[in-house]
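Here is a short briefing for a first look. Keep the model open while reading.

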Amino acid sequence: MKKTYLKPFLTTFISLAIFLIVHSNVDAGTSSLDSGYVCDAGFTYVVDTTGVPTYTFTANETDPELTYSWNFGNQWYASGREVEYIFYDGGGWNVYLTVSDGIDSCTTYEIVSVIPIEPNQCYFNYEKVSDSTLKVSSYSPYHYEQPYSFDFGDGTVVTDTMSHPTKEFSHTYDTAGTYQVCFYIANIDSDSCSYCKSFTMDFPPAPVDTIQCNAGFTYKVDTTGVPTYTFTADETDPDLTYSWNFGNQWYASGREVEYIFYDGGGWNVYLTVSDGIDSCTTYEIVSVIPIEPNQCYFNYEKVSDSTLKVSSYSPYHYEQPYSFDFGDGTVVSDTMIYQRDFYHTYDTAGTYQVCFYIAYAPGDTCSYCNSFTMAGSVPIDTTQCDASFTFTQTDDLNYLFNANQRDSIDQYTWRIDGTTVANTLDLFYTFPEEGLYTVSLNIGDSSNNCYYSESVEVKSLIDCSFSYDSLASNTFQFYTSETGDASYLWDFGDGNTSDSSSVVMHTFSSAGIYNVCLTKTNLTDTCQHCNEIVVGSPERDSLYIEGSVYADLLPVFDGTVELYKKDSIEWEKVKQVNLSNGYFRFSQLTQGQYILYARGDEDVYTSYIPTYFVNGMAYEDAYSINLNEPAVNVNITLIKSYSLSSSGDGSVAGRISLSDDSNDPYVVLLKDQSAQKVIKWTMSNDKNFSFETLPYGTYQVTVEKPSKSVSKSFELTATSPNINNLELGSNLVSGVDDQLTLSSIGVYPTQIDNKVIIANKGYEEKALTVHVRSATGDHFIIQSIDIGAGSTYELPLPGLPSGLYLIQLNDENGKSGTFKVIKP
């Protein structure tokens with residue numbers, strides 16, 4: 001019989017304060033949110049292979065009041081419970097669905113194995129943006145200029161030439177009906193294709209009261225240099241908003257805007273005018289003068305008085321070096337293909353000449369400059385608004401961005417290279433390829449607004465994780481992701497190795513537990529990963545513990561789990577394993593009492609502190625497993641650290657002087673004054689530690705190790721900003737205050753039935769006041785107790801409903817401690 005440890009309420013409670021990402025293979029992505037709405041972001045899909053392979057995705061949820069947002073990983077987003085999509089290439093594609101009730105949301109993603117389309121096949125994807133308006137995004141397989149036509153089935157035909165593989169159109173129908181929309185390309189006999197699809201449009205748009213709303217506009221073109229179009233709205237009211245859409249993933253705001261088109265021909269330009277309640281939209285087909293060959297340029301938008309967004313265009317369809325000079329001493333240099341967006345904030349007011357240069361080889365050079373008057377940045381009051389963020393690379397091209405300011409009432413807008421991709425506290429994003437991207441976050445409510453952007457260099461990770469399948473009794477197939485120019489060395493743990501490829505087959509001579517390791521090496525990096533493989537039914541592996549480690553419900557791909565066993569006096573470390581895509585297993589165990597301590601790689605999971613099972617920061621809060629049968633689904637979610645509102649000039653450094661025979665590194669935690677929140681953590685391999693850029697205040701530093709933890713409090717002030725000799729151990733530095741919390745009091749177990757044990761591990765009797773309250777603030781018990789030195793007190797807790805509870809203890813000297821327990 002196996003014992004299953006389901007992820008308890010507290011893990012979900014903490015994780016839901018963060019951007020929720022639920023894997024599609026975990027109970028269809030169901031979770032319960034704070035608003036009371038049970039969120040299910042699971043979905044299914046079918047593929048129609050009649051003609052172009054077309055995938056239909058359907059959400060499991062059926063509530064029409066919810067919003068359904070789809071991300072197909074190629075800058076195409078759609079909404080609705082059921083959507084269709086055509087992928088331009090075969091292989092594995094990440095498809096994301098976010099379901100929201102307007103307050104909370106959850107997201108599921110699934111890797112879809114896509115059938116490749118036939119060569120020379122054109123098509124278009126679509127979205128009904130309203131009952132009467134259709135948005136289509138066409139795809140051409142020919143990567144050179146060719147004529148096309150789009151027939152919307154109501155007499156409207158758009159004809160032009162296109163040199164880019166994709167082009168977008170929006171069309172509004174005047175009357176209800178079913179229309180066949182066709183996309184044609186016909187250049188020469190061998191380079192022609194067509195694709196048609198029928199759509200039913202429900203009813204025409206409501207007539208616009210032109211007396212109240214006027215979305216008309218005029219434009220003029222300046223042909224001095226690169227043809228530059230200036231668009232001006234007819235409306236003049238400064239209290240209205242003016243939103244422009246130029247049909248090529250470029251949007252701008254303001255009554256008057258400039259735009260440069262990358263290609264000649266007819267372009268649909270849209271203007272939407274709104275007063276915040278009602279809006280109206282007008283579009284016009286603009287006949288565009290083509291730019292000269294080999295001409296580079298950039299479009300721009302002032303996103304604030306001090307921040308400029310520029311979107312550069314290169315005429316060279318291969319990688320070449322470029323530089324962007326923002327005129328204030330800031331120069332960005334890198335390589336690019338086609339197009340790239342940048343954001344730049346000016347510190348002081350003034351007029352700046354911004355220049356874009358490309359210089360690859362003789363004949364392949366160009367430049368473009370434009371002048372801008374900026375107001376200069378205004379210091380942000382970070383106590384009210386802080387749009388800064390941190391990010392971690394979770395695997396390959398997947399990144400997780402976490403907003404430092406976590407206020408659920410604010411509006412969060414994430415943009416990648418200027419394109420809005422999410423409106424959530426945190427962003428999980430899959431980049432299409434390696435390169436330099438501009439990631440920005442805007443936070444705003446009715447009274448305050450702030451903005452932050454950062455350039456992120458995206459690189460693929462060399463990933464050594466691998467999977468395996470059992471083919472016969474002792475025969476396994478192992479496989480890992482292919483990495484260009486990489487070598488693979490497989491060690492099967494039985495004395496045999498293989499360096500053949502990313503996929504190998506191996507037959508073990510006998511049943512047993514084998515430590516199979518993969519070492520992968522390319523030109524710049526190397527990695528190694530190991531998994532314990534159970535072959536057959538080995539008699540010695542009758543007892544084991546297995547589970548997974550998560551960060552924000554994503555598997556921790558790089559980290560470790562330590563296993564401690566209780567002897568007659570204290571906890572002793574018995575094993576340590578590396579994580580394999582979040583998974584771990586401890587085999588060949590004996591009966592006894594165990595606790596687990598998990599952590600991610602310090603460089604990758606900086607903002608996730610090492611965590612005990614179930615979710616304790618200290619070993620006293622760990623849930624112990626009495627192992628007398630196999631334990632499975634022992635899952636741990638790493639607790640997220642708290643961010644400081646600002647940095648400072650303070651620092652602390654010290655040394656660990658514990659009597660410990662092992663050479664294991666120590667986990668060192670930096671906590672706030674109450675010792676309830678972890679701010680930073682580090683690993684100490686040489687018994688030295690340090691924390692820098694701290695604002696003045698009172699802190700606590702803790703060496704966390706089962707049965708060997710020790711804490712010390714200290715204060716940083718303007719007159720004493722640095723402490724350089726803090727010692728954690730038997731010999732404490734004089735002049736440093738004692739810790740501020742109850743270190744000698746413990747509360748257990750973490751998962752309670754109808755009572756809890758309060759233990760006094762100190763040498764003096766303690767008079768305590770006990771407060772028991774729920775996570776929502778409801779008080780259940782207030783009681784005074786006395787506990788003798790080395791004694792325990794059994795506190796009855798009858799009739800508590802299921803949930804998370806906080807037990808706060810206060811002594812007569814003002815010291816306090818708070819402990820979290822769970823009532824299943």
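The protein exposes about 38100 Å², and carbon and sulfur atoms supply 46% of that area. This is a predicted model. The protein holds one helix and 72 strands. Of its 824 residues, 49% are buried.

**Overall build**

- Take the contacts in the protein with a separation of 6 or more: residues 24 or more positions apart account for 59% of them.
- The largest nonpolar core has 47 residues. F231, W244, F246 and F261 have the most contacts inside this core.
- A second, separate core has 31 residues. Among them are L543, I545, Y608 and V614.

**Aromatic rings**

- Searching the whole structure gives 71 aromatic pairs.
- In one of these pairs, the ring centres of F613 and Y623 are 5.9 Å apart. Their planes meet at 85°, so the pair is edge-to-face; that class needs planes over 60 degrees apart.
- Both F613 and Y623 lie in the loop between β54 (611–612) and β55 (625–627). They are 10 residues apart, and the pair links distant parts of the chain.
- F613 has 2% relative accessibility, so this residue counts as buried; the cut-off for buried is under 20%.
- Ring pairs also build a cluster. Its members are F217, Y219, Y229, F231, W244, F246, Y259, F261 and W267.
- F231, W244, F246 and F261 belong to this cluster, and they are also the residues with the most contacts inside the largest nonpolar core.

**Charges over rings**

- K640 places its charged end over the ring of Y608, 4.7 Å from the ring centre. Y608 is also one of the residues in the second core.
- K705 does likewise with Y666: its charged end sits over the ring, 4.9 Å from the centre.

- Strand β12 covers residues 123–128. Five of its six residues are buried, so the strand is largely enclosed by the rest of the structure.
- β12 pairs with strand β13 (residues 133–139) in the antiparallel sense, over six bridges.

**Strand β45 and its two partners**

- Strand β45 runs over residues 512–521. Seven of its 10 residues are buried, so β45 is largely enclosed by the rest of the structure.
- One partner is strand β42 (residues 487–491), which pairs with β45 in the antiparallel sense over five bridges. Here S487 stands opposite T521 of β45.
- Another partner is strand β46 (residues 526–535). β45 and β46 also pair in the antiparallel sense, over 10 bridges. N515 has E532 of β46 as its bridge partner.
- In a regular strand, side chains alternate between the two faces of the sheet.

**Backbone angles to check**

- Most residues other than glycine have a negative phi.
- N633 is not a glycine, yet it has a positive phi of about 55°. N633 lies in the loop between β56 (631–632) and β57 (636–637). Its relative accessible area is 37%, so N633 is partly exposed.
- T693 is not a glycine either, and it has a positive phi of about 50°. T693 is found in strand β62 (residues 688–694). Its relative accessible area is 43%, so T693 is partly exposed.

- E65 lies in the loop between β6 (54–59) and β7 (67–71). With a relative accessible area of 68%, E65 is exposed; the cut-off for exposed is over 50%.
- E65 and S100 are 35 residues apart in sequence. Their C-alpha atoms are 9.3 Å apart in space.
- P630 is found in the loop between β55 and β56. With a relative accessible area of 12%, P630 is buried.
- P630 and E546 are 84 residues apart along the chain. Their C-alpha atoms are separated by 8.4 Å.

Methods: Residues are numbered from 1 along each chain as its sequence is written. This is a predicted model: local features need pLDDT of at least 70, side-chain atom pairs count only at pLDDT 80 or more; totals for chains, interfaces and linings use all residues. Side-chain values use heavy atoms; hydrogens and water are left out. Rings of Phe, Tyr and Trp (its six-membered ring) pair if their centres lie within 6.5 Å; planes under 30 degrees apart count as stacked, over 60 as edge-to-face and the rest as tilted. Helices (H or I, at least four residues) and strands (E, at least two) are DSSP runs, numbered from the N terminus. Buried means under 20% relative accessible area, exposed over 50%, partly exposed in between (1.4 Å probe, protein chains only). A charge sits over a ring if NZ of Lys or CZ of Arg is within 6 Å of the ring centre and within 35 degrees of the ring normal. A nonpolar core is a set of buried Ala, Val, Leu, Ile, Met, Phe, Trp, Tyr and Cys residues joined through side-chain atoms within 4.5 Å. Contact means heavy atoms within 4.5 Å. Accessible areas come from the Shrake-Rupley method with a 1.4 Å probe; for residues, only the protein chains shown count as cover. Two strands pair if DSSP finds at least two bridges between them.
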